Amino acid sequence: KLGCGYPERSLEQNGILDLESLHPGASSCSSSFHKTNTNMAAPTYDYDLIAIGGGSGGIACAKRAAAHGAKVMCVERARLGGTCVNVGCVPKKVMWSAAHIADTLKHDMRHYGFESGAEATLDFAKLKKARDDYVKRLNGIYENGLKSAGVTSVFGECSFADSHTVRVVGADGTTTQYSADKIVIATGGKPHFPPGDGVEEHCISSDGFFELEELPKVAVVVGAGYIAVELAGVLNSLGSETHLVVRKGRALREFDPMISEGLDAEMIKSGIIIHRHTNGVAKVALDEQKKKMVTLHSGDVIYGADCVLMAAGRVPNSEDLCVDCEWAPNTEKLHLDSCGVAITPRKYVIVDEYQNTNVENIYALGDVCGRVELTPMAIAAGRRLADRMFSGKPEDKVAKVSYEFVPTVVFSHPTIGTCGLTEPQAIEKYGEGNVKCYKSKFSNLFYGIFDLKPEEKPKTLMKVICAGVDEKVVGIHVLGMGADEMMQGFGVAMKMGCTKADLDSCVAIHPTAAEELVTMGTWGTSPQSTGAKISPLGGAAPGEPRLS
């Protein structure tokens, strides 16, 4: 993923249907779903598993399967590592770090007594080269990792010939067929350009952002999701005049309202120009100086842009998987005759909770399925699928990944960390009378000595959402410095079923921002109920490990 996270979209939003209706029994684990005729001789294949896609999910599945003794091939049409390594998480974090340094130099250091003799300048070409070299090293590390694991790597365009066979067209145009007992689709997603005159001709995608040779003086970022706010924040901090175009009232509308409203305020404070209620871009054209004019559906026009970056969404990479498919945008007539895998109207591959498609030997995972589109989610799904298929352990016959309480981060300025339900989602699920929220708004101690009015200092916002009489924690949301690093540990606590009392039972680390999450409300007065296997409440000692 380009960004490290955003709240899970519902399956209905991605057009994902019930697999049971397509293939009765598919919702059960593969031991009952996948059956063979024991009276027939078992066919022989080139491989036990072919993973289509050399991104995070495909590589994770391939390596884990090989570790279990399977003969595995991984097919990738571009660079190993997928979106995350090449045009997503990794290079984005490098750029976010550069932007963070720029903010420190421009805004923060003088408050701590540091003075510079000359204004620091950014050598964008040097930054780009260092970033690209790092990504290239990672490509080699992934290739060596597959080789060390015993996985065969094949590069080329891959498509289905039938449910057990794929065709790979190499760089020299040669077509080779490979067969496998099982095939996993892990082809990820790609940026989407919305319709509009001159949009594809004059705009770049998030992929194109990493091809920029110089920092644009004026940049227009179109989109309201995490990719848009991340890249808008980077461009703004590095020195571009940055415009953010959102269709409705604000960005990150699916996030908890406190977080999206808080980020909106911080973006305005940082100098980002937000164009609201635009209903998107109608037209992009060049003026006499070859600058871009962006006409919005609202009638507003943004003049003099050097770069227009479309971050209006991503779509699954499923179009090239079947050579006989007719792909017609905005139609439901999609033919997957070669392999028979069912997809949604939005072209996501339909899977059940075990990553089974409706074809008994074909599986899918990651962004191509449209559920929790995060790199670590795809990795976890790939490893669990490989365990179920090849480990041979009884406990792995029902192995699957959990899509609940997935901690995620947005590398905005400031960062966002979130896990679980938003307040509106919790109220809808449990009822308003069963939900209690703890909230906090403060300036990080880092800004304590800043010569600014209190209202001018950047704010940290926190919310802990609890449900039921035991005040089980069902959502934690943080906006502010350090949110990206603190959320991982609280995600562990939520996966273990923590309550508000469990948070209170942990002694605060002072002075930190994270301590606020274990001291909210009137400390120690929540219902004394724990979600822990061994209660930490009432000053109880931790349990001892079991020894062999």
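Q: Is Glu353 buried, partly exposed or exposed?
A: In this predicted model, the relative accessible area of Glu353 is 35%. Buried means under 20% and exposed means over 50%. Glu353 therefore falls in between and counts as partly exposed.

Q: Which residue forms a salt bridge with Glu353?
A: Side chains of opposite charge can pair when their charged atoms come close. For Glu353, the closest N and O atoms of the pair are 2.3 Å apart, and a salt bridge requires a distance within 4 Å. The partner of Glu353 is Lys400.

Q: How many residues apart in sequence are the parts that Glu353 and Lys400 tie together?
A: Glu353 lies in the loop between β15 (314-316) and β16 (362-364). Lys400 lies in the loop between α11 (375-390) and β17 (408-410). The pair therefore ties together parts whose separation in sequence is 47 residues.

Q: Where in the chain is Glu213, the partner of Lys128?
A: The salt bridge between Lys128 and Glu213 links distant parts of the chain, 85 residues apart. Lys128 is in helix α6. Glu213 is in the loop between α8 (206-209) and β8 (218-222).

Q: What is the N to O distance in the salt bridge of Asp306 and Lys291?
A: Asp306 counts as partly exposed at 25% relative accessibility, and Lys291 is partly exposed at 28%. The side chains of Asp306 and Lys291 meet in a salt bridge, where the N to O distance is 2.3 Å.

Q: Which element gives the largest share of the lining of the second largest cavity?
A: The second largest cavity holds about 40 Å³ of space. The elements that give two or more residues to its lining are α9 (226-238) and α10 (257-270). With 4 residues, the largest share comes from α9.

Q: How many charged residues does the lining of the second largest cavity have?
A: Among the lining residues are Val229, Asn236, Met267 and His413. By class, the lining has 4 nonpolar and 6 polar residues. The number of charged residues in the lining is none.

Q: What accessible area do Tyr112, Phe114 and Ile449 have together?
A: Tyr112 is in the loop between α5 (89-108) and α6 (124-149), and Tyr112 is partly exposed at 37%. Tyr112, Phe114 and Ile449 form a nonpolar patch on the surface. Together their accessible area is about 330 Å².

Technical notes
Residues numbered from 1 in each chain as written. Predicted model: local features only at pLDDT ≥ 70, side-chain atom pairs only at ≥ 80, totals over all residues. Heavy atoms only, no water. Patch = residues over 30% accessible without salt bridge, like charges linked within 9 Å, V, L, I, M, F, W, Y side chains within 5 Å. Areas by Shrake-Rupley, 256 points an atom, 1.4 Å probe, with all protein chains shown as cover. Buried < 20%, exposed > 50% of the residue type's maximum accessible area, 1.4 Å probe, protein only. 1 Å grid on protein atoms, 1.4 Å probe; cavity = no way out; pocket = protein on both sides within 12 Å on 5 of 7 lines; lining within 4 Å. Points joined across faces, edges and corners; volume = space filled by probe spheres on them. Nonpolar A, V, L, I, M, F, W, Y, C, P; charged D, E, K, R; others polar.
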